[in-house]
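Here is a short report for a first look at this chain. Keep the sequence and the 3D view side by side as you read.

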Amino acid sequence: MKALLRFFGLADAQEPADRAFTPPADPSTVIGPGITLKGELKGDGTLTVLGQFEGDIALAGSLHVGPEARVDANITATAIVVAGVVRGNLSADTRVDILPSGSLTGTVKSGSFAAADGATVKGEIWVEPPTTVAPRPAS
């Protein structure tokens with residue numbers, strides 16, 4: 001998979017997606033193992049899911065899905081790292097990383113996408129650089 005992504009210019013040999021899942025050092029919110037949550041999450045900061053979540057997630061921050069986690073959601077975040085199972089539509093401002101233990105079924109829209117060897121990805125992937133509005137010249 002990685003060779004194919006490199007062929008299309010979506011990943012290179014130095015991509016960090018080959019690494020194992022390491023939870024963020026200081027996440028704002030954690031859905032722990034053994035916890036099942038349904039609903040809508042909105043907010044700032046880092047969210048780490050180690051249990052199960054179903055619904056919608058909108059973050060001005062990053063989402064980390066642990067290796068034993070299952071997420072069935074439409075997700076909007078700055079960055080998304082998947083080491084568990086995710087089903088849904090993902091939209092990330094900067095990047096989406098699927099780690100070796102990760103599985104994604106759905107649509108991805110992001111500025112950058114990387115899937116490690118061993119990862120499972122089924123769906124559509126749209127990689128577009130973030131749109132920036134050019135400043136207007138002073139009149």
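How many helices and strands make up the secondary structure of the chain? The count comes to 1 helix and 13 strands. The model is predicted. From the N terminus on, the elements run α-β-β-β-β-β-β-β-β-β-β-β-β-β.

**The chain as a whole**

The chain has 139 residues, and 40% of them count as buried. It exposes about 7800 Å². Carbon and sulfur atoms supply 53% of that area. Take the contacts between residues at least 6 apart in sequence: 14% of them join residues at least 24 apart.

**Confidence**

The mean pLDDT of the chain is 83. Of its residues, 74% reach 70 or more. Which elements mark the lowest and the highest mean pLDDT? Helix α1, residues 2-7, has the lowest, at 51. Strand β7, residues 85-87, has the highest, at 97. Residues 13-17 call for care, as pLDDT stays under 50 there. For this stretch the model has 12 contacts beyond four places in sequence.

Strand β5 covers residues 62-65. S62 and H64 point one way from the strand, while L63 and V65 point the other way. Are these residues buried or exposed? All of them are buried.

Strand β5 pairs with β3, residues 47-49, and with β6, residues 70-82. The table sets out the two pairings.

| Pair | Sense | Bridges | Residues opposite each other |
|---|---|---|---|
| β3 and β5 | parallel | 3 bridges | T48 and H64 |

**The nonpolar core**

The largest nonpolar core holds 26 residues. Which of them touch the most other members? They are I57, L63, V71, I75, I80 and I98. Several elements give two or more residues to this core: β3, β4 (52-60), β5, β6, β8 (90-98) and β11 (113-115). The largest share, 6 residues, comes from β6.

Methods:
Residues are numbered from 1 along each chain as its sequence is written. This is a predicted model: local features need pLDDT of at least 70, side-chain atom pairs count only at pLDDT 80 or more; totals for chains, interfaces and linings use all residues. Side-chain values use heavy atoms; hydrogens and water are left out. Buried means under 20% relative accessible area, exposed over 50%, partly exposed in between (1.4 Å probe, protein chains only). Helices (H or I, at least four residues) and strands (E, at least two) are DSSP runs, numbered from the N terminus. Two strands pair if DSSP finds at least two bridges between them. pLDDT is the predictor's confidence in each residue, from 0 to 100. Contact means heavy atoms within 4.5 Å. A nonpolar core is a set of buried Ala, Val, Leu, Ile, Met, Phe, Trp, Tyr and Cys residues joined through side-chain atoms within 4.5 Å. Accessible areas come from the Shrake-Rupley method with a 1.4 Å probe; for residues, only the protein chains shown count as cover.
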